[in-house]
Number of protein chains: 2
Amino acid sequence: MSLPHAILTALLEKPSSGLELTRRFDRSIGYFWSSTHQQIYRELGKLEQAGRIRALPAAVPARGQKKEYEVLPAGREELAAWVALPEDPRPVRDPLLLRMRAAAVVGAEGMDAELRRHLTLHESQLAEYREIEERNFTPAPTSDEDRLRYLVLRGGIDLETFWISWLTRSIADLDG
Amino acid sequence: MSLPHAILTALLEKPSSGLELTRRFDRSIGYFWSSTHQQIYRELGKLEQAGRIRALPAAVPARGQKKEYEVLPAGREELAAWVALPEDPRPVRDPLLLRMRAAAVVGAEGMDAELRRHLTLHESQLAEYREIEERNFTPAPTSDEDRLRYLVLRGGIDLETFWISWLTRSIADLDG
DNA sequence: GTAAGCATGTAAATAGTTACATGATTGG
DNA sequence: CCAATCATGTAACTATTTACATGCTTAC
């Protein structure tokens, strides 16, 4: 049940319309909790009905018309409660690792090219994170808020670094 | 659409009943594609109906009776085709990183304890992987199949190592 | 006035989770 | 016989994805 909380977080950072949220999910928040516009619109509807957010008065409630939302106190409380809740790490579900394991049984035809392809994808994702780091967290942040945000970004950087080094090792290993 | 392929892989490694598969998903295959027995039974039914697997003749088709499955040629072909197919990495969806980002907005109450809790979880998962490494891949494997399986396990080891180092850094950073 | 793109949505299908139901086997 | 455990399954719900529908705004 993380999507509503991802949306609340994004809206607290800045009130937005559905499409703006979708854009931001493609960039920042979505790096750690991805979503599509369909899911977002549906969830916005539910959150509004539950009294956690509301449409800004200016907005005309018509189709095709932009509609901006802001978080209500109940929404902020809900989010704070969720943050304090313990939650175990999700079990891993990774198609590439699974395919490699399947390849051990039916043959690794094409694996090498696929690993190289993933390598470039992860390299470009890492470059994107590095740019954000340069732009927003250099020099190192001092406020508590920004230190937390920087740690999240470090998570992304370290995760991509893990993939790059694992892929590099695997490619070398299969070549040899 | 990875679950059926995870099941085909597991059944090729060793024909099994639904419950045996469930057990194996709790240990080996499930480290990279987790699942529950409900999903597994449902998927076994579909795979059987699609002619990719079949129940071993010995099995009585009654409730409460053990029913073993083996993979048919069509199932092996299906799996080989899937392995050769390109598939992009999944977008990340991690509740802990998301909660940390939310904490930047509503306050990091309780974050420290939660990070420490995750640290011990990841440490124990790493220890489990290390045991498997010791047991099955020491000395280093020489066959192609086992080299692939070892790379998959290395993926798990490196992933846990990433989490441990990120969590350790984050805990230190929030303390300071 | 019409095409391109902005903006919000609906519908249907698939995937995954949670809770419960039912029968078989074995040890006391 | 009764409890525990093995074993298979159903039902209902929630989450996610994919495909499509509709109205508005702006630039030509």
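A: In this predicted model, B:Glu133 has a relative accessible area of 12% and is therefore buried, the limit being under 20%. Its salt-bridge partner is B:Arg154, with the closest N and O atoms 3.5 Å apart. B:Arg154 lies in helix H7 of chain B and B:Glu133 in helix H6 of chain B, so the pair ties together parts that are 21 residues apart in sequence. B:Arg154 is buried as well, because its relative accessible area is 13%.

A:Arg154 belongs to helix H7 of chain A and A:Glu133 to helix H6 of chain A, and 21 residues separate them. Both A:Arg154 and A:Glu133 are buried.

Between helices H6 and H7 comes a loop. In chain B, the loop between H6 and H7 holds B:Pro139, and the bond that joins B:Thr138 to B:Pro139 is a cis peptide bond, with omega about 0°. In chain A, A:Pro139 is likewise placed in the loop between H6 and H7, and the peptide bond from A:Thr138 to A:Pro139 is cis, with omega near 0°.

Helix H7 of chain A also carries A:Glu160. With a relative accessible area of 6%, A:Glu160 is buried. Residues up to four places away in sequence aside, A:Glu160 touches A:His122, A:Gln125, A:Leu126 and A:Tyr129.

The search of the whole structure finds 10 aromatic pairs over all chains. One of them is edge-to-face and is formed by A:Tyr31 and A:Tyr129, at 5.2 Å centre to centre and 85° between the planes. This pair links distant parts of the chain: A:Tyr31 is in the loop between helix H2 (18-26) and helix H3 (37-49) of chain A, A:Tyr129 is in helix H6 of chain A, and the two are 98 residues apart. A:Tyr31 counts as buried at 13% relative accessibility, and A:Tyr129 counts as buried at 2%. In chain B, B:Phe137 and B:Tyr150 form a stacked pair, with 5.1 Å centre to centre and 25° between the planes. B:Phe137 lies in the loop between helix H6 (111-136) and helix H7 (144-175) of chain B, and B:Tyr150 in helix H7 of chain B, so this pair ties together parts 13 residues apart in sequence. Both of these residues, B:Phe137 and B:Tyr150, are buried. Back in chain A, ring pairs link A:Tyr31, A:Phe32 and A:Tyr129 into a cluster.

Helix H2 of chain A includes A:Thr22, which counts as buried at 11% relative accessibility. Leaving aside neighbours within four places in sequence, A:Thr22 is in contact with A:His37 and A:Ile40.

Returning to charge pairs, the count over all chains is 33 salt bridges. One of them joins the side chains of A:Glu20 and A:Lys66 at 3.1 Å, N to O. Since A:Glu20 lies in helix H2 of chain A and A:Lys66 in the loop between strand S2 (53-55) and strand S3 (68-71) of chain A, the pair ties together parts 46 residues apart in sequence. A:Glu20 is partly exposed, with a relative accessible area of 25%, whereas A:Lys66 is exposed, with 54%.

Some salt bridges run between the chains. The count between chain A and chain B is four, and in one of these the side chains of B:Asp88 and A:Arg117 meet at 2.7 Å, N to O. Between the two chains there are also 24 residue pairs in polar contact, with both residues at pLDDT 80 or more. On the side of chain A that touches chain B, the elements giving two or more residues are H1 (3-13), H4 (73-84), H5 (95-106), H6 (111-136) and H7 (144-175), each a helix of chain A. H7(A) gives the most, with 17 residues. By residue kind, that side divides into 36 nonpolar, 13 polar and 19 charged. The contact takes 68 residues from chain A and 68 residues from chain B. The area buried between chain A and chain B is about 6,600 Å², with carbon and sulfur atoms giving 66% of it.

How values were computed: Residues are numbered from 1 along each chain as its sequence is written. Chains are lettered from A and ligands numbered from 1 in the order in which they are written. This is a predicted model: local features need pLDDT of at least 70, side-chain atom pairs count only at pLDDT 80 or more; totals for chains, interfaces and linings use all residues. Side-chain values use heavy atoms; hydrogens and water are left out. Contact means heavy atoms within 4.5 Å. Buried area is the accessible area (1.4 Å probe) that two parts lose on being put together, summed over both. A polar contact is a pair of N or O atoms within 3.5 Å; within protein, one must be able to donate a hydrogen and the other to accept it, and residues adjacent in sequence count only if both atoms are side-chain atoms. Helices (H or I, at least four residues) and strands (E, at least two) are DSSP runs, numbered from the N terminus. Ala, Val, Leu, Ile, Met, Phe, Trp, Tyr, Cys and Pro count as nonpolar, Asp, Glu, Lys and Arg as charged, and the others, Gly among them, as polar. Rings of Phe, Tyr and Trp (its six-membered ring) pair if their centres lie within 6.5 Å; planes under 30 degrees apart count as stacked, over 60 as edge-to-face and the rest as tilted. Buried means under 20% relative accessible area, exposed over 50%, partly exposed in between (1.4 Å probe, protein chains only).
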